[in-house]
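Subject: Structure for you to look at

Hi there,

Here is the structure I promised to pass on. Could you open it alongside this note and tell me what you make of it?

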Amino acid sequence: MDVVVAPEDGGVVVLELGPDGRTGAPRRLEWEQLPGCVRALEPAGPRWVWADTAVVYPRLLRAGTPVARAHDLRLAHAVLVRSTYLADGLPSAADDRWGPQEHPAADAEPSLLDLPTAGGTLEPADVLAEHRVQQQAVTASAHAGRLRLLLAAESAGALVAAELTHVGLPFDAAAHDALLTQLLGPQPLPGGRPAALEALAARIRAELGAPGLNPDSPPEVLRALHGAGVEATTTRQSELERFDHPAVAPLLEYKKLARLLGANGWAWLSDWVHDGRFRPDYLPAGVVTGRWATRGGGALQLPKQVRAAVVAGPGRRLVVADAAQLEPRVLAAMSDDRAMARASRAGDLYQALVDQGVVDTRAHAKVAMLGALYGATSGEAGQLMPRLLRSYPAATGWVEAAARAGERGEVVTTWLGRSSPVPPDSWREAQRRAGLPEATAAEQRRARAQARDWGRFTRNFVVQGTAAEWALCWLADLRRRLGALPPVAGRSPALVYFLHDEVIVETPAELAEEVADAVREAAHRAGRLLFGDSGVTFVLDVACVGSYAEAG
DNA sequence: ATCCATAGCGCC
DNA sequence: AGGGCGCTATGGAT
């Protein structure tokens with residue numbers, strides 16, 4: 001049974017929808033009454049159908065009412081509008097009320113005036129109609145099963161995203177403050193520069209003979225370097241390292257510390273860490289490939305340096321798991337490459353390439369594989385490519401085909417049905433003009449370069465996007481398994497972090513091994529769900545630790 | 001004052 | 001001539 005939920009002024013309208021498509025009488029509930037409705041219906045396991053998990057679910061969580069299953073119509077709409085798995089498109093494609101919206105911050109108490117209805121109001125009938133349109137479109141698809149899995153995974157991911165923000169990542173602010181103080185000196189007044197940075201700035205100015213230099217300004221630094229006879233073309237680390245000058249070392253040190261201060265310093269700490277938890281806003285499918293993004297807090301770029309402050313509470317452990325070489329494994333499965341599938345069963349896929357005699361070292365295996373996924377043509381990766389083509393013709397052929405399609409301006413599609421955007425008009429125009437008789441050599445060169453750029457995008461899209469689908473299925477199945485574990489002293493394991501191919505579960509210490517098993521079983525299940533009997537193994541690195549820094 | 005592009009670096 | 005992001009600071013434009 002589905003339960004359709006439509007926000008309206010002051011509350012929601014709830015419609016129960018039977019398997020025959022008939023609806024019960026609409027019930028109008030205040031927001032405060034919705035948790036009661038959920039509690040009454042949840043044990044039977046209905047599927048909650050709503051426009052935006054990000055709008056409804058945080059309120060339910062604050063009311064202590066988790067939900068087992070949902071269907072997020074807006075996320076589904078975004079997939080279905082583009083998917084080449086729908087031969088006839090989605091009838092509601094032009095209805096911009098279902099297009100992308102400015103989501104409210106997850107922890108903001110949503111005022112009903114700014115519900116996400118930019119293109120108009122969503123009445124209960126509209127929500128119900130969109131639900132039916134989507135169901136019919138999926139049913140008519142030649143890939144209905146894959147699309148259903150994708151939409152279920154996407155929706156489960158949206159539930160997880162709200163839960164991650166609600167629970168938060170355990171974060172020891174005092175430990176982080178101590179790290180900052182140790183590396184930078186005491187916290188400066190607002191706008192001030194910490195002592196360690198001030199000292200480094202003084203050294204840089206002295207070594208470059210540039211008394212007023214602001215080391216935070218790349219153009220100024222570049223001019224000062226030139227004045228001191230250092231002919232660097234940029235101020236980036238890899239460039240500066242090539243010069244032997246006494247200003248280089250303090251400059252690199254300055255940049256490193258300034259980065260820490262700017263991205264994860266005291267301001268970040270007070271903005272994003274409260275009551276011992278770091279609570280970023282996750283944006284499911286915030287990236288074209290289907291990966292998540294975050295808004296604020298930089299949660300998906302948490303530097304290794306900072307992870308020591310991610311610590312489990314007393315009596316608890318962190319189970320940190322990441323999928324080893326996920327993208328090559330996904331490619332092996334989707335392309336049905338038997339030789340690469342065999343390599344996947346060896347555990348360390350890169351080492352297996354060495355053992356199969358494809359390349360001579362593990363480092364070469366990694367460079368070559370990433371080169372194949374990203375479209376490297378030159379350098380070490382380019383040189384190793386012929387060996388990969390010979391050994392894994394199906395896998396390499398798959399990404400090559402995606403690249404060629406992109407170069408022709410065509411759309412490519414992931415395993416479960418997420419399709420790439422079409423190239424921009426400017427791209428098409430450049431290609432068109434390069435084909436005209438009067439096209440200059442420069443125009444043709446630029447058009448070819450742009451075509452290859454788009455080809456690299458589509459090449460990576462099919463792999464990164466399918467890996468994101470695997471990760472969502474993993475996450476969804478893990479969430480279900482964790483919910484089934486018995487609490488210890490009233491405490492249950494909880495997902496607290498998700499990062500593309502990595503999860504952290506915070507758990508009572510007694511359950512750590514069971515959680516680790518659940519994480520592995522979920523990975524196995526995700527592989528079966530997507531690819532059936534592909535022969536590809538999805539291997540995890542799992543660590544049960546007190547602090548994130550101890551993992552991996 | 002506010003918006004935007006760029007540089008540079010962090011993560012996968 | 002290696003894909004996808006977010007974030008900060010800077011500096012120019014409005």
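**What I found**

Pro-421 counts as exposed because it has 11 C-beta neighbours inside 10 Å; the scale used throughout calls a residue buried if 20 or more other C-beta atoms lie within 10 Å of its own, exposed if 12 or fewer, and partly exposed in between, with C-beta atoms placed from the backbone. Pro-421 sits in the loop between α17 and α18 (425-434). Its C-alpha atom is separated by 21 Å from that of Arg-446, 25 residues apart along the chain. Helices (H or I, at least four residues) and strands (E, at least two) are DSSP runs, numbered from the N terminus.

Before going on, some housekeeping. This is a predicted model, in which local features need pLDDT of at least 70 and side-chain atom pairs count only at pLDDT 80 or more, while totals for chains, interfaces and linings use all residues. Residues are numbered from 1 along each chain as its sequence is written, and chains are lettered from A and ligands numbered from 1 in the order in which they are written.

**Around the DNA**

A residue is near a strand if its C-beta atom, placed from the backbone, lies within 6 Å of it. There are 16 residues around DNA strand B, of which Thr-234, Thr-235, Arg-236, Gln-237 and Gln-301 come nearest. Helix α10 (residues 248-264) gives the most to this surface, with three residues. By class, the surface near DNA strand B has four nonpolar, five polar and seven charged residues. Here Ala, Val, Leu, Ile, Met, Phe, Trp, Tyr, Cys and Pro count as nonpolar, Asp, Glu, Lys and Arg as charged, and the others, Gly among them, as polar.

DNA strand C has 29 residues around it, and Asp-216, Ser-217, Gly-262, Ala-293 and Arg-456 come nearest. At least two residues of that surface come from each of α8 (218-227), α10, β10 (293-295), α15 (362-374) and α19 (441-484). Of these, α19 gives the most, with five residues. The surface near DNA strand C divides into nine nonpolar, 15 polar and five charged residues.

Gln-450 also belongs to helix α19. It is partly exposed, because 18 other C-beta atoms lie within 10 Å. Leaving aside neighbours within four places in sequence, Gln-450 is in contact with Trp-427 and Ala-430, where contact means C-beta atoms, placed from the backbone, within 7 Å.

**Helix packing**

Which angle do α12 and α17 make where they pack? Helix α12 (residues 326-334) and helix α17 (residues 393-407) meet at about 95°, with their axes 8 Å apart. Axes are lines fitted to C-alpha atoms, for helices over the stretch in contact, and angles run from 0 to 180 degrees between N-to-C directions. The two helices are therefore roughly perpendicular to each other (65 to 115 degrees; under 35 is roughly parallel, over 145 roughly antiparallel and the rest oblique). Leu-331, Ala-332 and Met-334 of α12 make the contact with Ala-395, Trp-398 and Val-399 of α17. These divide into six nonpolar, no polar and no charged residues.

Buried residues of α17 include Ala-395, Trp-398 and Val-399, and the buried residues of this helix pack against α12, α13 (338-344), α15, α16 (379-391) and α19. Just after α17, Gly-409 takes a positive phi of about 85°.

Helix α3 (residues 73-82) is mostly covered, with eight of its ten residues buried. Among them are Leu-73, Arg-74 and His-77. The buried residues of α3 pack against β4 (47-50), β5 (70-72), α4 (124-140) and α5 (144-167).

Helix α20 (residues 512-531) has 20 residues that should span 28 Å at 1.5 Å a residue, and its end C-alpha atoms are 29 Å apart, which agrees; the expected span is 1.5 Å times one less than the number of residues.

**Two alanines to check**

Ala-285 has a positive phi of about 60° although it is not a glycine. It lies in the loop between β9 (281-283) and β10, and counts as buried because it has 23 C-beta neighbours inside 10 Å. Ala-489 has a positive phi of about 50° and is not a glycine either. The loop between α19 and β12 (494-498) holds Ala-489, which is exposed, with 7 other C-beta atoms within 10 Å.

Best wishes

How values were computed: Two residues are in contact if their C-beta atoms, placed from the backbone, lie within 7 Å.
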